[in-house]
Amino acid sequence: MSEKSEKPKKPQKLRARLPRGLGDRGPADIAATRRMTDTIREVYERYGFEPVETPTMEFTDALGKFLPDQDRPNEGVFSFQDDDEQWISLRYDLTAPLARYVAEHWDALPKPYRSYRAGYVYRNEKPGPGRFRQFMQFDADTVGSGSPAADAEMCMMAADAMEALGIPRGSYVVRVNNRKVLDGVMESIGLGGDENAGRRLTVLRAIDKMDKFPVDEIAKLLGPGRWDGGEEGKGDFTKGAGLSDHQASVILGFLKTSIGTAEIRSRGGFGNFAFSGDLLELLSTSVTGTEGVKELIEIANLTSASGYQDGRILIDPSIVRGLEYYTGPVYEVELTLEAKDEKGRPVRFGSVGGGGRYDGLVSRFRGEPVPATGFSIGVSRLQAALELIHKDKPKPVIYGPVVVTVFDRDRVADYQKMVGSLRNAGIRAELYLGNPKSMGNQLKYADRRNSPCVIIQGSDEKATGEVMLKDLILGAGLSDLEGDRDAYLQKQAEAQTKIAENDLVSAVRKILDKHGVKWN
RNA sequence: GCAGUUGUAGCUCAGUUGGUUAGAGCGCCUGUUUGUGGAGCAGGAGGUCGGUGGUUCGAGACCACCCAACUGUACCA
């Protein structure tokens with residue numbers, strides 16, 4: 001069949017690759033995540049929250065999701081069918097699973113029940129900057145309290161967490177709104193009732209884009225609709241809410257008079273709560289709207305009383321959040337720092353945290369109303385944002401272990417013993433396990449591991465009961481000194497010293513201390 | 001989903017109006033090196049030119065369709 005002249009077909013190699021929106025994480029990322037979660041945990045616990053974890057998968061209906069479409073079972077969420085044909089999905093947030101947990105363990109839990117958890121959640125959607133298909137959230141919830149004090153606490157805790165993470169005051173803002181106010185405004189322009197549910201949704205979507213588009217684009221979305229190609233007839237058409245000019249102007253007036261971060265700031269935090277006479281009058285026709293305003297004022301008073309009225313927490317009527325389950329106050333944390341990508345273009349990160357009141361979520365499982373409110377930090381997105389913001393700053397060096405080299409392969413046991421004594425002293429150490437044919441290779445390995453120092457014991461040292469201790473961090477500066485022979489030699493001598501074998505641990509520790517090497 | 005832009009080595013990119021065996025830098029591996037890493041020198045591996053089909057004597061380049069990535073937009077619990 002095959003002729004000699006034919007090229008031998010290479011076996012097709014399996015391509016090592018990862019689906020989009022997923023990423024591997026190295027030691028530096030992992031260390032950064034750990035620092036972040038430790039910090040957030042400390043804040044949440046200070047607020048009296050206790051940990052609870054739930055699995056990454058739930059029955060699909062428990063997540064509050066309609067059963068997957070037969071044709072596209074993975075639209076939005078990752079789902080599959082169990083042996084018994086029941087649909088199971090990967091969780092897409094930590095709130096819905098918590099609601100299930102609370103409902104399932106209702107009798108055993110103290111009420112109000114406050115708990116926190118960190119974990120990966122999954123969304124099957126288009127990834128972007130700071131947007132992944134697997135990402136970590138750090139969530140806290142208070143179940144069983146309908147008091148605005150519970151909401152106020154979430155906002156203050158969000159602010160505290162940002163500051164604990166080293167984000168300076170003024171570089172982030174917690175925005176608060178109340179869905180009841182939005183509902184009230186819509187009711188006042190005749191959008192109440194079941195028959196207008198679809199239009200209300202469209203209006204909310206339009207309002208939610210206030211941070212993305214200028215006001216006249218929002219007006220289009222409230223009215224007939226908008227072309228995303230920049231001009232009439234270009235790109236995709238987004239159907240609008242079809243409001244009359246009057247209706248649209250009420251909405252826009254509501255948004256415009258009370259927001260604008262700069263304006264809010266200049267008026268000093270909650271002082272902005274212009275909730276002008278006009279607005280109050282407008283809302284007075286709506287029971288829901290009046291209630292919403294009352295709750296917002298309550299939150300404003302509570303947070304101000306605790307000293308958060310300095311711009312850390314602001315009221316912003318354009319905050320909408322999820323359309324599915326929020327029922328009252330909603331909050332969002334945004335970084336106000338500018339982030340730029342490699343090409344120097346500004347990057348939108350969106351919010352790095354958010355939450356709100358979801359009074360209907362637990363009661364789905366129980367016959368009685370159960371108020372609840374919660375807040376989640378998007379750890380992965382926040383980390384990605386901070387990385388981009390700080391990309392010019394040098395990354396902290398992550399040091400590897402002390403490497404004990406193998407000089408004489410008959411004496412591996414001796415070297416292993418040295419490793420053991422270092423480990424017993426709490427120092428990270430390892431024996432070189434590769435082919436010990438040359439010292440060069442072993443040093444190259446230690447270099448790659450970012451080891452602070454290596455231990456060498458050849459026959460000369462063995463004879464005198466000594467070991468050679470080589471300081472790789474100091475030695476790293478050697479190549480810069482080429483041309484200056486004296487300095488070079490001096491530094492080299494400094495970087496490599498002979499010490500008594502018995503002093504191994506203390507000498508290594510001295511080097512670690514000198515360079516400030518800490519592994520945790 | 002829709003629209004635009006882009007697909008050549010692990011990475012960043014060259015590749016003349018279509019013309020022999022597709023290149024560079026960085027990275028990687030080996031040697032120099034049976035007592036010393038980051039430098040130097042020498043060598044090596046690595047490519048279905050995103051895929052398929054077409055035009056042509058001849059395609060990495062031209063045409064069609066498909067796929068993927070990026071950006072915007074839609075959806076987003």
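Me: Where is the place of Glu-85?

Reply: This is a predicted model, and in it Glu-85 has its place in the loop between β3 (79-81) and β4 (87-90).

Me: Is Glu-85 buried or exposed?

Reply: Glu-85 has a relative accessible area of 60%, and because exposed means over 50%, Glu-85 counts as exposed. Asn-450 is found in the loop between α13 (439-448) and β16 (453-456), and with a relative accessible area of 34% Asn-450 is partly exposed.

Me: Which residues does the cis peptide bond with an omega of about -10° join?

Reply: That cis peptide bond joins Lys-111 and Pro-112, and the place of Pro-112 is in the loop between α2 (95-104) and β5.

Me: How should I read a pair of aromatic rings, and how many aromatic pairs does the structure hold?

Reply: A pair of aromatic rings is described by two quantities, the distance of the centres and the angle of the planes. The structure holds seven aromatic pairs. One of them is formed by Tyr-44 and Tyr-116, whose rings are 6.4 Å apart centre to centre with 70° between the planes, an edge-to-face arrangement. Tyr-44 lies in helix α1 (residues 27-46) and Tyr-116 in strand β5 (residues 113-122), so this pair ties together parts that are 72 residues apart in sequence. The rings of Tyr-44 and Phe-138 also pair edge-to-face, with their centres 5.1 Å apart and their planes at 80°. Phe-138 belongs to strand β6 (residues 134-143), so its pair with Tyr-44 of helix α1 ties together parts that are 94 residues apart in sequence.

Me: What do these ring pairs link into a cluster, and are Tyr-44 and Tyr-116 buried or exposed?

Reply: The cluster consists of Tyr-44, Tyr-116 and Phe-138, linked by ring pairs. Both Tyr-44 and Tyr-116 are buried, and the relative accessible area of Tyr-44 is 0%. Phe-138, at 0% relative accessibility, counts as buried as well.

Me: Which ring does the charged end of Arg-226 sit over?

Reply: The charged end of Arg-226 sits over the ring of Phe-213, 4.0 Å from the ring centre. In another case, the charged end of Arg-312 sits over the ring of Tyr-308, 4.2 Å from its centre.

Me: How many of the residues of helix α4 are buried, and what caps its N-terminal end?

Reply: An α-helix has 3.6 residues a turn, so residues three or four places apart point the same way. Helix α4 (residues 179-188) is mostly covered, with seven of its 10 residues buried; among them are Arg-179, Lys-180, Val-181 and Leu-182. The N-terminal end of α4 is capped by Asn-178, which has a side-chain oxygen 2.9 Å from the backbone nitrogen of Lys-180. Just after α4, Gly-190 takes a positive phi of about 80°.

Me: What volume does the second largest pocket have, and which element gives the largest share of its lining?

Reply: Rolling a probe the size of a water molecule over the atoms shows where empty space is left. The second largest pocket has a volume of about 1,100 Å³. Of the 33 residues that line this pocket, the closest to its centre are Ala-28, Ala-31, Ala-32, Arg-35 and Pro-396. Helix α1 gives the largest share of the lining, 11 residues, and the lining residues divide into 18 nonpolar, five polar and 10 charged.

How values were computed. Residues are numbered from 1 along each chain as its sequence is written. Chains are lettered from A and ligands numbered from 1 in the order in which they are written. Side-chain values use heavy atoms; hydrogens and water are left out. Rings of Phe, Tyr and Trp (its six-membered ring) pair if their centres lie within 6.5 Å; planes under 30 degrees apart count as stacked, over 60 as edge-to-face and the rest as tilted. Helices (H or I, at least four residues) and strands (E, at least two) are DSSP runs, numbered from the N terminus. Buried means under 20% relative accessible area, exposed over 50%, partly exposed in between (1.4 Å probe, protein chains only). A charge sits over a ring if NZ of Lys or CZ of Arg is within 6 Å of the ring centre and within 35 degrees of the ring normal. On a 1 Å grid over the protein atoms alone, a cavity is a set of points where a 1.4 Å probe fits but cannot get out, and a pocket is an open set with protein on both sides within 12 Å along at least five of seven lines; lining residues have an atom within 4 Å of a point. Grid points are joined across faces, edges and corners, and a volume is the space filled by probe spheres set on the points. Ala, Val, Leu, Ile, Met, Phe, Trp, Tyr, Cys and Pro count as nonpolar, Asp, Glu, Lys and Arg as charged, and the others, Gly among them, as polar. A polar contact is a pair of N or O atoms within 3.5 Å; within protein, one must be able to donate a hydrogen and the other to accept it, and residues adjacent in sequence count only if both atoms are side-chain atoms.
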